[in-house]
Amino acid sequence: MTAPSAHNVSEREARQVAEAAREQDWRKPSFAKELFLGRFRLDLIHPHPLPAPDDVQRGEEFLAKLRDFCETKIDGARIEREARIPDEVINGLKELGALGMKIDTKYGGLGLTQVYYNKALALVGSANASIGALLSAHQSIGVPQPLKMFGTTEQKETFLPRCARTDISAFLLTEPDVGSDPARLATSAVPTEDGSAYVLDGVKLWTTNGVVADLLVVMARVPKSEGHKGGITAFVVEAGSEGVTVEHRNAFMGLRGLENGVTRFHQVTVPADQRIGPEGAGLKIALTTLNTGRLSLPAMCVGAGKWCLKIAREWSMEREQWGKSIAKHEAVGSKIAFIAATTFALEAVLDLSSQMADEDRNDIRIEAALAKLYGSEMACLMADELVQIRGGRGFETAASLAARGERAVPAEQVLRDLRINRIFEGSTEIMHLLIAREAVDAHLSVAGDLIDPDKSLGDKAKAGARAGGFYARWLPKLVAGAGQLPTSYAEFHPDGYPDLATHLRYTERSARKLARSTFLAMARWQGRMETKQGFLGRIVDIGAELFAMSAACVRAEMLRSSGEEGRPAYQLADAFCRQSRIRVEELFTRLWSNTDDLDRKVVDGVLGGTYTWLEAGIVDLSGDGPWIADATPGPAKTENVHRPIR
């Protein structure tokens, strides 16, 4: 039996595969989902949920040990210089239990909550982002998370103790010619005749941790046949299995210590009891795993923001120009204010989403996606502003600074390291589409058949009746709300504090405006709505800003109520909301006033060769090699560069 080629897939087939993998139901409330529908459900996030005292104690004890390890055992400059994490550092993390932060204690893990797991990633990521990526890939998307959610008792008992203490895991989905379109997945898993195993063939690209991994989660296509449903399926694969070859260790502009490579499977036998879930459930498993797994990236973005703020503060206190600190010059001071306010908001978004994930009372698939999207974009902006504040020293490497006697501040490295977060685990563009799909889910559930060309007239008539009833109830609620009442959210304006209530009223009004804009767009474009990616991206960006404003206000009030840094927290939340509102207003304007149509014409011209004259006057020394490497199944073409940690 041979697996069918998955390379030639129509656009419609690709959408159907992605849609089938979505979680279809909303069994729990979602603040962000309600926000996109124009319903500002502050009660879902306020009062701010808090972790249990036992979870706090366990988490703080581990953070103290991890901090000491980071300060005494990690040499970030060495990792950058040698482009690898030393084995002794990885072994030290194993002894500390860092591989098992999210694994239950009954399997030998630390059993940390999502909140403290993220705090740990922010801490270790501030020491070196490559280490943060290694731990995140291992636990957030590697073997532990899918087994925790979908594994059998036997699988958990077999693999989780190994993952908690000794074995590094990796997640293998992407292929040389398959990125965010899994319908084209080509790696095959063909069942043996007796059904006891599967035989894997294919090539996987950008396998984070793959170069040093002991265990792999592999997504492969099982061909449909008698007794086999087929489809994209998840497997746990021993990295040392015969036929598994790491053909190349990739090198990147940032994260130089990242053990990321190209892995080939040639006639690799995988026992059937190492399949995760049923056949055909692989993509759903991957996407469900990512719902909370995505929170690891904004965790490291928060850590980077805190580091940028510290460096900006200390440098500005030292550096003077024209008789005063550079921070006292408005052009520089505004950048520092942006870094401080945005770091506060990102931590608010992360902690709120993480605590909701721990309590498991809300569906946070949109919140986690928004946290990833917003965190990755804003962290890059903050790092870029730090480089600008540092001037020439921001562009200079830490090694060069140290060599001439100055503090080795790796500002340019942080900017390079952060850049991948806008691509990792769903690029910004893909995240826009993913979140937009969830944001319009309520509309498609009642009116989707109206714009589906495959539906009959009878189906369309039924859909029209459903849609009429839904919109008759929904649209009137978008006209007025609490945001128009001056007394709403009064608890967010205590005496002597900045007025955060006005920002929450703005958020409530903007949520209704956002929902009205989405409805108008659906009425205008109907079935062509999915092609309006510029519009959908702005809708999502507005939602991200509104979510961040809400989280910042709720966090500030929580800190005030608990007697902590209430006044400065209120000031930071106020600053962030004022900055955010400016961005929101610009995005609302650009929903309808933009160059999207003209841009498409220019793109057609570029692809059609209309502007090739514009490329004159340069040389391109990249050569004429293939844009996408050959990934034809077969024996390994190079030596195995897999590097087990000793």
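In the predicted model, helix α11 passes helix α12 in a left-handed crossing. Helix α11 spans residues 296-318, and its axis comes within 9 Å of that of α12, with a crossing angle of roughly 155 degrees. Angles over 145 degrees count as roughly antiparallel, and α11 is therefore roughly antiparallel to α12. On the α11 side, the contact is made by Pro-298, Ala-299, Val-302, Gly-305, Lys-306, Cys-308, Leu-309, Ala-312 and Ser-316. The residues contributed by α12 are Ile-336, Ile-339, Ala-340, Thr-343, Leu-346, Glu-347 and Leu-350. By class, the contact of α11 with α12 comprises 11 nonpolar, 3 polar and 2 charged residues.

Helix α12 (residues 330-359) also packs against helix α13 (residues 365-390), the two axes coming within 10 Å and crossing at roughly 155 degrees. Helices α12 and α13 are therefore roughly antiparallel to each other, and their crossing is left-handed. From α12, the residues that meet α13 are Val-332, Lys-335, Ile-336, Phe-338, Ile-339, Thr-342, Thr-343, Leu-346, Val-349, Ser-353 and Met-356. Their counterparts in α13 are Glu-367, Ala-371, Tyr-374, Gly-375, Met-378, Leu-381, Met-382, Glu-385, Leu-386, Gln-388 and Ile-389. This contact of α12 with α13 divides into 14 nonpolar, 5 polar and 3 charged residues. Ile-336, Ile-339, Thr-343 and Leu-346 of α12 take part both in the contact with α11 and in the contact with α13.

Strand β7 (residues 260-271) pairs with strand β3 (residues 197-208) through 9 bridges, and the two strands run antiparallel. Within this pairing, Val-199 has Thr-269 of β7 as its bridge partner. Strand β7 is also joined to strand β6 (residues 244-249), in this case by 5 bridges, and these strands likewise run antiparallel. Here Val-246 stands opposite Thr-263 in β7.

Aromatic side chains form 13 pairs in the structure. One of these consists of Trp-525 and Phe-535, whose ring centres lie 5.2 Å apart. The planes of the two rings stand at 75 degrees, so the pair is edge-to-face, planes over 60 degrees apart being counted in that class. Trp-525 belongs to helix α20 (residues 501-525) and Phe-535 to helix α21 (residues 533-561).

Note on methods:
Residues numbered from 1 in each chain as written. Predicted model: local features only at pLDDT ≥ 70, side-chain atom pairs only at ≥ 80, totals over all residues. Heavy atoms only, no water. Axes fitted to C-alpha atoms, helices over the stretch in contact; angles between N-to-C directions. Helix = DSSP H or I, 4+ residues; strand = E, 2+ residues; numbered from the N terminus. Parallel < 35°, antiparallel > 145°, perpendicular 65-115°, else oblique. Left-handed = near helix turned anticlockwise from the far one by under 90°. Contact = heavy atoms within 4.5 Å. Nonpolar A, V, L, I, M, F, W, Y, C, P; charged D, E, K, R; others polar. Pairing = 2+ DSSP bridges. Phe/Tyr/Trp six-rings, centres within 6.5 Å; stacked < 30°, edge-to-face > 60°.
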